[in-house]
Amino acid sequence: MRILITGNMGYVGPVLVRHLRAVMPTVTLEGLDSGLFAHCLTGAREVPERLLDLQRFGDIRDIDGSALEGVDAVVHLSAVSNDPMGNRFEAVTARINFEATRRLAGLARDAGVSRFVFASSCSMYGFAEGGPRREKDLVNPLTAYARSKVASEEALERMADRDMMVTSLRFATACGMSDRLRLDLVLNDFVACAVASGRITVLSDGTPWRPLIDVKDMARAIEWALVRDGEPWIAVNTGADSWNHQVKGLAEAVASAVPGTAVDIDRKALPDRRSYRVDFSLFESLAPMHQPRVALEQSIGGLVSGLREMGFADVDFRSSQLVRLRVLLDHIARGRLDEDLRWRT
């Protein structure tokens with residue numbers, strides 16, 4: 001099997017490549033990435049791309065059919081990957097996350113690719129009162145990022161058929177250690193605060209709900225999507241019911257893991273409109289052998305040890321290259337990148 005992974009030089013890619021190389025040692029793994037975050041290595045003892053058979057550099061908006069010739073499966077990670085970036089680059093987010101996804105899937109279908117795995121997001125549920133959200137429930141995307149995932153799923157569903165099986169993994173919020181760690185994710189942010197300053201500041205009243213998934217378990221879910229049987233099209237909430245947490249509970253769990261950490265909750269903050277619980281029972285029934293294995297305490301412990309091995313002590317980390325929006329803004333400020341998120345030549 002020959003697998004093309006787009007956006008492989010981000011947060012998830014290094015963990016995914018290592019996992020696939022371990023469980024599928026004979027497959028050919030190729031990466032395609034624009035390199036925006038290639039330099040954001042965190043504690044890596046080797047370049048993660050060493051495990052690939054081929055690394056290509058290029059903008060996903062410019063890919064042509066030749067890059068897909070002979071490819072059996074595409075794992076599409078490439079995206080403007082969170083709400084702050086989506087808010088700052090709203091039009092670009094639509095072009096990269098939706099229009100380029102639709103185009104890539106069309107090229108893949110024309111090239112005879114048999115499996116297309118899309119990294120979607122539970123953030124499309126937005127603000128959801130009542131019980132945990134299932135796949136058939138109405139979505140409520142509140143941000144450019146979430147809207148791009150909804151639009152992409154609608155396009156991909158129309159393309160799926162017996163010749164190209166499409167799996168949309170609606171991931172819970174990612175967390176955990178990576179060779180290209182991000183600290184603009186809720187649990188990762190809390191652990192960084194605890195390690196650097198011994199104080200976690202929750203910028204809401206702490207009541208919003210978030211489902212989480214460790215990046216290692218994201219890799220296992222992608223493995224399942226590459227080998228699954230069944231319907232040509234599946235959109236599935238990807239995570240575990242036990243990982244639905246209120247934000248204040250996450251902060252308290254981190255404080256327990258890092259003794260001496262204080263937790264400050266802004267109980268006067270305006271309500272966070274992004275609050276949702278998610279039902280993961282469909283994923284449990286479809287992928288019983290690929291269920292999440294990493295517990296919350298293990299994910300926190302991995303982050304703590306990883307940050308300490310890095311010598312991490314930056315109390316101002318939200319302005320560092322560990323926050324993806326800051327990386328893009330720095331590229332632009334230094335003239336390396338334009339406002340369309342294209343490299344200047």
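**Close-up 1. The second largest pocket of this predicted model holds about 600 Å³ of space.** Of the 26 residues that line the second largest pocket, those closest to its centre are Arg18, Met177, Ser178, Asp179 and Lys216. Three helices each supply at least two residues of this lining, namely helix H1 (13-23), helix H6 (215-227) and helix H9 (296-309), and the largest share, six residues, comes from H9. Sorted by class, the residues of the lining of the second largest pocket divide into six nonpolar, 10 polar and 10 charged.

**Close-up 2. Trp224 and Phe283 form an edge-to-face aromatic pair, one of two aromatic pairs counted in the model.** The ring centres of Trp224 and Phe283 are 5.8 Å apart, with 80 degrees between the planes. This pair links distant parts of the chain, since Trp224 belongs to helix H6 and Phe283 to helix H8 (residues 281-286), and the two residues are 59 residues apart. Trp224 counts as buried because its relative accessibility is 5%, and Phe283 is likewise buried, with a relative accessible area of 1%.

**Close-up 3. Gly58 is placed in the loop between strand E3 (54-57) and strand E4 (73-76).** Although Gly58 and Ser34 are 24 residues apart along the chain, their C-alpha atoms are separated by 4.7 Å. When its neighbours within four places in sequence are left aside, Gly58 is in contact with Leu32, Asp33 and Ser34. Gly58 is described as partly exposed because its relative accessible area is 24%, a value that falls between the limits of 20% for buried and 50% for exposed.

**Close-up 4. The charged end of Arg277 sits over the ring of Trp209.** In this view, the charged end of Arg277 is 4.9 Å from the centre of the Trp209 ring.

Notes:
Residues numbered from 1 in each chain as written. Predicted model: local features only at pLDDT ≥ 70, side-chain atom pairs only at ≥ 80, totals over all residues. Heavy atoms only, no water. 1 Å grid on protein atoms, 1.4 Å probe; cavity = no way out; pocket = protein on both sides within 12 Å on 5 of 7 lines; lining within 4 Å. Points joined across faces, edges and corners; volume = space filled by probe spheres on them. Helix = DSSP H or I, 4+ residues; strand = E, 2+ residues; numbered from the N terminus. Nonpolar A, V, L, I, M, F, W, Y, C, P; charged D, E, K, R; others polar. Buried < 20%, exposed > 50% of the residue type's maximum accessible area, 1.4 Å probe, protein only. Contact = heavy atoms within 4.5 Å. Phe/Tyr/Trp six-rings, centres within 6.5 Å; stacked < 30°, edge-to-face > 60°. Lys NZ or Arg CZ within 6 Å of the ring centre and 35° of its normal.
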